[in-house]
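Subject: Structure for your files, with notes

Hello,

Please find the structure below. My notes come after it.

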Amino acid sequence: MRQADEYRGGTGARARMATDNGGPAFGAGNESVQHLGPVKSGFGIENHGIRDAGNVLWNLTASSLCEEAVRRREGVLAEGGALVVLTGQHTGRAPKDKFIVDEAEHRDNIWWGAVNRSTSAANFDGLHQRLLAYYQGRDVFVQDCYAGADAKFRLSVRIITETAWHSLFAANMFIRPTDGELETFEPEFTIIQAPGCHAEPEKDGTNSEVFIEVSFNKKLVLIGGSSYAGEIKKSVFSILNYLLPARGVLPMHCSANIGKKGDTAIFFGLSGTGKTTLSADGTRALIGDDEHGWGDDGVFNFEGGCYAKVIRLSAEAEPEIYATTRRFGTILENVIIDEATRVIDFDDASLTENTRASYPIDFIPFISEEGIGGHPENILMLTADAFGVLPPISRLSADQAMYHFLSGYTAVVAGTVKGIKETQATFSTCFGAPFMPRHPTVYGKLLSEKIAKHGTNCWLVNTGWTGGSYGVGKRMEIAHTRNLVRAALDGRLAGVATTPDPNFGVGVPETCPDVPAEVLNPRSTWADKAAYDETARRLAGMFEENFKQFETSVDDKVNQVAIRPAA
């Protein structure tokens, strides 16, 4: 017997149970909570307008939060001790429900449009008052955290939630202050999250009952209507993406690690391209798996944890990540388990392809304790090309790196997203458009300047398909990808001759240790060469069409290289 829609222990009976917290429940369990947590800040929640709440649970540890989550029937423990939770109908981010308040002080700095939608201060204030009223009489969980391993650029964030498991998520994902720091903690930004509080679209100016809204003036984020925990994480990331460029720091949607010689590498990439997998390499120390800043002293992690995609996770291919899913304190989000045995089934995508694991970064055995590295010697831009025409690895010039950074290409295959019936190209500028409040060229210029200053090597890595498009070819063997990446990082590819790709202009290495030569040239892996040529030209045209939006904002040199062969 397996679990799919809900959990219910003991009898094996199955019934969908819903509560007012916005996601599936696990039965009743609202007994009075007696403890208030280990360390309470002197800056109370009344400063956020929350009054007449129930119990306020301050900065609980993972053990206490897991205990509370199980007692309140928010989740169950899987084999090995991970907390398994469901998020209901919302199993991913809701980009169309995200808004930024149009405020005069920040208006000219925002890249308004489909990504950054505006809302009025009046609409924001109305939602804020609804959230405050919602919390009256309810228990409140508070986590005071830091975002940013570099103390010079650290942001203090308070995350207020109505569920224990979301508070555990915050504790996992961000940096915990010392007890002394917690006592005097005053947040620079506050996130108030309540999945059970819903917007009224006609009244609140939203697109649905879900809302994720930020006011940079009030330094406040409001989240409601969705239990998907990633909204908390990405709200913090978006705040840093707005604040840090003004201080000369490039915020990046990337993973990062450090080699034994002290060399830092960063891995740009959208969800599903391999950022977490390739950076969690037992031969290199992990700095972080998703969000970093590049400042005057080098690279630093924004977070204190990881949020790994775990669909079809295996111990053989990703042993470090797999081991975290068997540990107490890890959250497994929308992962299927057997009702009776609590055995995890990572291959079951019946709820979503976007199954996730949240865990503290020190659950990975080989990490950078400080969360800080030097200036990167190598940048790898990851793409899962489902068209199967990009080389598995290629060298980029500085101008080509700028082009591909602004393009932010990957592909979505049929069936992985609702409504997608054929392979589609996805261009998410800076490899993270939904989280970039400023114009992409602000981030692109910072990247270009830092690459030039520090002489960073740049590579494009295709973790997608080879031998044909999705449905005909096969996914790149992870062993080959790892060997290609390791050769790039340890310098073995530095002296290898490259040949410009005839369609994309990138430099394709002619050889690579431990990788068959025929794998390096994508055309040679296709049985139907004419089909390859047609597909490659079609994807090249998609690149060119997408880049038209940046042509007037970049140097002519970047426009000239585009995806044409390098000189």
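This is a predicted model: local features need pLDDT of at least 70, side-chain atom pairs count only at pLDDT 80 or more; totals for chains, interfaces and linings use all residues.

Residues are numbered from 1 along each chain as its sequence is written, and side-chain values use heavy atoms, with hydrogens and water left out.

Helix 2

Helices (H or I, at least four residues) and strands (E, at least two) are DSSP runs, numbered from the N terminus. Helix 2 covers residues 121-134, which is 14 residues. From first C-alpha to last it reaches 20 Å, close to the 20 Å expected at 1.5 Å a residue; the expected span is 1.5 Å times one less than the number of residues.

For burial, the cut-offs are under 20% relative accessible area for buried, over 50% for exposed, and in between for partly exposed (1.4 Å probe, protein chains only). The buried residues in helix 2 are Phe124, Leu127, His128, Arg130, Leu131, Leu132 and Tyr134. They pack against strand 4 (98-101), strand 8 (189-194), helix 5 (201-204), strand 9 and strand 10. Contact here and below means heavy atoms within 4.5 Å.

Helix 9 is mostly covered, with 8 of its 10 residues buried. Those residues are Gln400, Ala401, Met402, Tyr403, His404, Phe405, Leu406 and Ser407. Gly408 follows helix 9 and has a positive phi, near 60°.

On the helix 9 side, Tyr403, His404, Leu406 and Ser407 meet Phe543, Glu544, Asn546 and Phe547 of helix 13. By class, this contact has 4 nonpolar, 3 polar and 1 charged residues. Ala, Val, Leu, Ile, Met, Phe, Trp, Tyr, Cys and Pro count as nonpolar, Asp, Glu, Lys and Arg as charged, and the others, Gly among them, as polar.

Two polar side chains

His166 is found in helix 3 (residues 164-173) and is buried, at a relative accessible area of 0%. Its side chain makes a polar contact with the side chain of Gln193, at 3.4 Å. A polar contact is a pair of N or O atoms within 3.5 Å; within protein, one must be able to donate a hydrogen and the other to accept it, and residues adjacent in sequence count only if both atoms are side-chain atoms. Leaving aside neighbours within four places in sequence, His166 is in contact with Thr161, Gln193, Pro195, Ser227, Ala229 and Ile232.

Asn559 sits in helix 14 (residues 556-561). Asn559 is buried, with a relative accessible area of 19%, and its side chain reaches the backbone oxygen of Glu551 at 2.8 Å.

Residues in loops

Asn59 has a positive phi of about 50° although it is not a glycine. It lies in the loop between strand 1 (56-58) and helix 1 (62-71). Is Asn59 buried or exposed? It is buried, with a relative accessible area of 0%.

Lys219 is not a glycine but has a positive phi of about 55°. Its loop runs between strand 9 (211-215) and strand 10 (220-224), and Lys219 counts as partly exposed at 41% relative accessibility.

Ala384 is in the loop between strand 22 (376-383) and strand 23 (393-396) and counts as buried at 6% relative accessibility. Not counting residues up to four places away in sequence, Ala384 touches Gly272, Thr273, Thr410, Ala411, Asn462, Thr463, Gly464 and Arg475.

Pro502 lies in the loop between strand 29 (498-500) and strand 30 (507-509). At 65% relative accessibility, Pro502 counts as exposed. Pro502 and Asp533 are 31 residues apart in sequence and 9.8 Å apart in space, C-alpha to C-alpha.

Regards
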